[in-house]
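Have a look at the model while I talk.

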Amino acid sequence: MRKIALEEHFVTEELAGYGAATATIAQPEVWREASRRLLDLTGERLAEMDRSGVDVAVLSLNSPGIQAETRPELAARAAVRVNDFLADTIAAHPTRFAGFAALPLQDPLAASKELDRAVTELGLKGALVNAHTHGVYLDDPSLRVVWEAAERLDVPLYLHPGNGFDAGHVLSGHPELIGPMWSWGTDTSTHALRLIFGGVFDDFPNAKLLLGHMGEGLPYVLWRLDSRWDFHNHQGIELRRGKPSEYLRRNLYITTSGVCSEPPLTCALSALGADHVLFGTDYPFEDMTTATKFLDGAAISEADRRSIAHVNAETLLHIAPAADDSQ
C-alpha cells in the first residue's frame, strides 16, 4: 500500500544553528544523531524510506526554523533560499519527495507572498509553522493575510510544536516536562484553540489546519470543549458555528506522526472521521519502520488504512495518485 508521510524534518547547514535551543532538551548523543540525519535528504533518508515502505516524504524545515530569526528582512531572504533548496531537492526526486514551505512570519505580508510563490511557482504543498514567532501566534490579526493566501491557494498550514514563548509556573522545577514529551503538545493544542476562538475559521471557513502527533490530544476532548463552552463566560466571543468541535471536525486534519499507538488512532478516527487522519513518521526523531508497521497492523478497516496511508494526502495536498491507485 502506498504511503505518503507528512512531518518529515530536514535542516540546512545555514539554518542548523537556529535549533540550538531545542538541542538543550534532548540527550546529547540523541541530538547529535538527529542533527546528522536532519542534514541528509537523499542518502540515508531515501534508503530508510525504501526499507520501511515510505513512498513519498513531505519534507519540512525543522523547528524552530527561520522563525527564530529576529530580523524580518533576514528571515524573508532565508525563506526564499530554503524553499528554493527544497524545491530543487524535490525536482531531483519528484516521485519520492514533496514539501511544505517555510514562511517569514516576522513580516506577514512577506510571508503571504512567499506562500503564494512557494505554491504557485515552486509546487510546494502548503507551509509548516513552528509554534509562535517571537510570541506572535497564528490568530494574530496581522497574520490574516497568510490565512487568506492559504485559503485562496487551497493548501494547509501545518502547525508544528516548538519551544514555548514562556513556561508556566506549573512546570517550574520540572524541566523534564518542557519539550516534545509534554509541554510542546499542550502549547500546540492551545495554539490551535486560539485559532477557533480568535475567529480565524470564521473569517476563513475553508482554511485547513494540520496538527501532528495524533492531533496533540484534541480529538480526545471534543465533548468536554463543547460542554464547558456552554458553561463558560464567553468574554464577548461568539462562535458562528456554535461549538468548538464543529471547527475541529471541519478545519482540522491530523497526522499519526510520533504516536504509534492504536487507542489514540481509534479515538481520532471516531472523533474526526477517517478523511481527516493522515500518515506521518516524525523522522528523524522517530523510527520510520515503527510507524509503517503500526499503520499496517492497526485493527482498522482497509478503507480507513488506505485513506490514512495515502488517499487523504493526495486529496489535501494535491499529490497525484500512483499509477496503480488501487494500492
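The largest pocket has a volume of about 1,300 Å³. A pocket here is found on a 1 Å grid over the protein atoms alone, as an open set of points with protein on both sides within 12 Å along at least five of seven lines. Grid points are joined across faces, edges and corners, and the volume is the space filled by probe spheres set on them. Before I go on: this is a predicted model, where local features need pLDDT of at least 70, side-chain atom pairs count only at pLDDT 80 or more, and totals for chains, interfaces and linings use all residues. Residues are numbered from 1 along each chain as its sequence is written, and side-chain values use heavy atoms, with hydrogens and water left out.

So, who lines this pocket? There are 50 lining residues, with Gly179, Pro180, Met181, Trp182 and His213 nearest the centre; lining means having an atom within 4 Å of a point. Strand 1, helix 2 (28–38), helix 7 and helix 11 (262–272) each give two or more residues, and helix 7 has the largest share, six. Helices (H or I, at least four residues) and strands (E, at least two) are DSSP runs, numbered from the N terminus.

Now the closed spaces. A cavity is a set of points where a 1.4 Å probe fits but cannot get out, and there are two of 30 Å³ or more. The largest cavity holds about 70 Å³, and strand 4 (residues 127–130) gives the most to its lining, three residues. The second largest cavity has about 30 Å³. Among its lining residues are Phe201, Tyr247 and Leu252.

Last stop, helix 4 (residues 72–92). Its 21 residues reach 30 Å from first C-alpha to last, close to the 30 Å expected at 1.5 Å a residue, where the expected span is 1.5 Å times one less than the number of residues. Which of its residues are buried? They are Ala75, Ala78, Ala79, Val82, Asn83, Leu86, Ala87, Thr89 and Ile90. They sit on the same side of helix 4 because they cover an arc of only 165° around the axis, taken from the directions from the helix axis to the C-beta atoms. The face turned away from that buried side carries exposed Asp88, Ala91 and Ala92. Buried means under 20% relative accessible area, exposed over 50%, and partly exposed in between, with a 1.4 Å probe and protein chains only.
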